[in-house]
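Here are my notes on the model you sent. Please read them with the structure open.

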Amino acid sequence: MRRGGQITFDFMIAFMLISVTVAGAVSLANGELSTANTIDKTARLKAFAVDLRDTVTKVYSIGGGFTVVKDCPIELGKGDSISITLNSSSNSVTVEAVLSGRRYLVVQRLQVPVYTTTSVTLDEKRSSFNVTAVYNAAEGRTYVELE
């Protein structure tokens, strides 16, 4: 008895099962990659906000005329932006980013007073900014500004 048709049918079923398994694994891996990218961007922005908080404290402590140049922690593409704000009303630094169409927000409370609200926006054309201490002799206090 010849069973040539039976072997072909069994082979087709096995191929179909393998194809479904591979498609499921690819879909799962794609989802995990997306999650990993989101976690990576969030972690980088959080570390950047903490670094900015510490930089503002150092600049304020050193005093007027001192400037630190900060670089963007993430390579920005077309349509991506990161807005950094020193907020005097909440005494915090806010990092708000739009990366690949997704929005991220990180806020860090500052350990030193901020007397004026200043902000900068980074994009693909501008990837660095200055954190500067300015001493106002008339008021007798140091202002930390973003430039």
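1. Two strands count as paired if DSSP finds at least two bridges between them. Keep in mind that this is a predicted model. Strand 2 (residues 81-87) and strand 3 (residues 92-99) are antiparallel partners, joined over seven bridges. Ser81 has Val98 of strand 3 as its bridge partner.

2. Thr94 has Val107 of strand 4 as its bridge partner. These two strands form a hairpin with two residues between them. Ser100 in the turn has a positive phi of about 55 degrees.

3. Four strands make an open sheet in the order 4-3-2-5, with antiparallel pairing. Strand 4 (102-109) and strand 5 (118-122) stand at the edges; each has a single partner strand, so one side of each lacks a neighbour in the sheet. From one strand to the next, the twist averages 10 degrees.

4. Buried here means under 20% relative accessible area.

5. Last, the helix. Leu17 is in helix 1 (residues 4-62). Its relative accessibility is 56%. The cut-off for exposed is over 50%, so Leu17 counts as exposed. Together with Phe9 and Ile13, Leu17 makes a nonpolar surface patch of about 310 Å².

How values were computed. Residues numbered from 1 in each chain as written. Predicted model: local features only at pLDDT ≥ 70, side-chain atom pairs only at ≥ 80, totals over all residues. Heavy atoms only, no water. Patch = residues over 30% accessible without salt bridge, like charges linked within 9 Å, V, L, I, M, F, W, Y side chains within 5 Å. Areas by Shrake-Rupley, 256 points an atom, 1.4 Å probe, with all protein chains shown as cover. Salt bridge = Lys/Arg side-chain N within 4 Å of Asp/Glu carboxyl O. Buried < 20%, exposed > 50% of the residue type's maximum accessible area, 1.4 Å probe, protein only. Axes fitted to C-alpha atoms, helices over the stretch in contact; angles between N-to-C directions.
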